[in-house]
Amino acid sequence: CSQEQVMQSCTRLCTRLYRTVRVVLKYRHCDGNLCIKVTDDVACLLYRTDQAQDVKKIEKFHSQLMRLMVAKESRSAAMETD
């Protein structure tokens, strides 16, 4: 799978199941690998790279996922209090 396909799948998974999804970002300095793993215990999406330009894209994508999940949680909490 390409990086774009993995990112789209991760975004769909986080949008649908934001309460049960876990996102792990792991960097190994000794070999320069960055790995992002998104799972909901049923599906597991994994992307690993050692390319510097991909590392920057994944870091940016990780922050976008976190903002998306926090925004979903905030909207959900607001709806529960209304």
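Modeller: A residue is called buried under 20% relative accessible area, exposed over 50%, and partly exposed in between, with a 1.4 Å probe and protein chains only. By that rule Cys30, with a relative accessible area of 66%, is exposed. The model is predicted, so local features need a pLDDT of at least 70 and side-chain atom pairs count only at pLDDT 80 or more, while totals for chains, interfaces and linings use all residues. Residues are numbered from 1 along each chain as its sequence is written, and side-chain values use heavy atoms, with hydrogens and water left out.

The loop to look at runs between strand S2 (33–39) and strand S3 (44–49), and Asp41 sits in it. Helices (H or I, at least four residues) and strands (E, at least two) are DSSP runs, numbered from the N terminus. Asp41 has a positive phi of about 75°, although it is not a glycine. With a relative accessible area of 60%, Asp41 is exposed.

Asp41 also forms a salt bridge with Arg22, and their closest N and O atoms are 2.8 Å apart. A salt bridge here is a side-chain nitrogen of Lys or Arg within 4 Å of a carboxyl oxygen of Asp or Glu. Because Arg22 belongs to strand S1 (residues 22–28) and Asp41 to the loop between S2 and S3, the pair ties together parts that are 19 residues apart in sequence. Arg22 is partly exposed, at a relative accessible area of 42%.

The structure holds 2 salt bridges. One of them joins the side chains of Asp31 and Arg28, at 3.3 Å from N to O. Asp31 is partly exposed, with a relative accessible area of 37%, and Arg28 is partly exposed at 43%. Arg28 stands opposite Asn33 in S2.

Two strands pair if DSSP finds at least two bridges between them. S1 and S2 run antiparallel and are joined by 7 bridges.

Ala43 is also in the loop between S2 and S3, and it is partly exposed, with a relative accessible area of 31%. Ala43 and Cys10 are 33 residues apart in sequence but 10.0 Å apart in space, C-alpha to C-alpha. Cys10 is buried, at 1% relative accessibility.

Cys10 is one of the buried residues of H1, which are Gln3, Val6, Met7, Cys10, Leu13 and Cys14. Seen down the axis of H1, these buried residues fall within an arc of 130°, so they line one face of the helix; the arc is that of the directions from the helix axis to the C-beta atoms. An α-helix has 3.6 residues a turn, so residues three or four places apart point the same way. Helix H1 (residues 3–16) has 14 residues, which at 1.5 Å a residue should span 20 Å, and its end C-alpha atoms are 20 Å apart, in agreement. The expected span is 1.5 Å times one less than the number of residues.

A disulfide is a pair of cysteine sulfur atoms within 2.5 Å, and by this rule the count comes to 0. Cys10 is in no disulfide: the nearest cysteine sulfur, that of Cys14, is 6.4 Å away.
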